[in-house]
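Here is a short briefing on charged side chains and the nonpolar core. Please look over the structure before reading on.

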Amino acid sequence: SRPFFEALPDASMHPANWIETDDTVVVEGSFRGTFTGTLRSPMGDIPPTGKSLDLKFVDIFRVKDGKVVSHHVYFDRLDFAEQLGIAPPAG
């Protein structure tokens, strides 16, 4: 997540739905920002494009004894790349 906030320094998270059970919290929302910083990736640095991002995500937290013991984030990587202008649009 740190590379995302470095690449999109004005980023903000907008939770829309929360679901809680005994040991699980699921959050659905969107991550918004502008690609004005370098995106550090396993394939190398990606220069900023100045494009805006409004990316849907789902976070799943597992909690034990009041502490988060696991956290997983799911989002559409192709949608992410297309919105930022680092992959050609589908179609």
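**A buried aspartate**

Asp59 is buried but takes part in no salt bridge. The nearest side chain of opposite charge belongs to Arg62, 13 Å away. A salt bridge needs nitrogen and oxygen within 4 Å. The model is predicted.

**Surroundings of Asp59**

- Asp59 sits in strand β5, which spans residues 52-64.
- What does the side chain of Asp59 make a polar contact with? The partner is the side chain of His71, at 3.2 Å.
- Beyond four places in sequence, Asp59 touches Met13, Val25, Val26, Val27, His71, His72 and Val73.

**Salt bridges**

- The whole structure holds 5 salt bridges.
- Asp54 and Arg32 pair through their side chains, at 3.4 Å from N to O. Asp54 is in strand β5 and Arg32 is in strand β2, so this pair ties together parts 22 residues apart in sequence.
- Asp54 counts as partly exposed because its relative accessibility is 33%. Arg32 counts as partly exposed because its value is 34%.
- Asp54 also forms a salt bridge with Lys56, with the closest N and O atoms 3.9 Å apart. Shared partners join Arg32, Asp54 and Lys56 into one network.
- Is Lys56 buried or exposed? Lys56 is exposed, at a relative accessible area of 54%.
- Asp45 and Arg40 form another of the salt bridges, at 2.8 Å from N to O. Arg40 is partly exposed, with 46% relative accessibility.
- As a general point, side chains of opposite charge can pair when their charged atoms come close.

**Nonpolar core**

- How many residues does the largest nonpolar core have? The count is 14.
- The residues with the most contacts inside this core are Leu8, Phe31, Phe35, Leu39, Leu53, Phe80 and Leu84.
- Elements giving two or more residues to the core are β2 (24-34), β5 and α2 (77-84).
- Phe35 is in contact with Ala7, Leu8, Ile46, Pro47, Pro48, Thr49, Gly50, Lys51, Leu84 and Ile86, leaving aside neighbours within four places in sequence.

**Strand β5 in summary**

Terms used:
Residues numbered from 1 in each chain as written. Predicted model: local features only at pLDDT ≥ 70, side-chain atom pairs only at ≥ 80, totals over all residues. Heavy atoms only, no water. Helix = DSSP H or I, 4+ residues; strand = E, 2+ residues; numbered from the N terminus. Buried < 20%, exposed > 50% of the residue type's maximum accessible area, 1.4 Å probe, protein only. Lys, Arg positive; Asp, Glu negative; His and termini not counted. Polar contact = N/O pair within 3.5 Å; in protein donor to acceptor, adjacent residues only side chain to side chain. Contact = heavy atoms within 4.5 Å. Core = buried A, V, L, I, M, F, W, Y, C linked by side-chain atoms within 4.5 Å.
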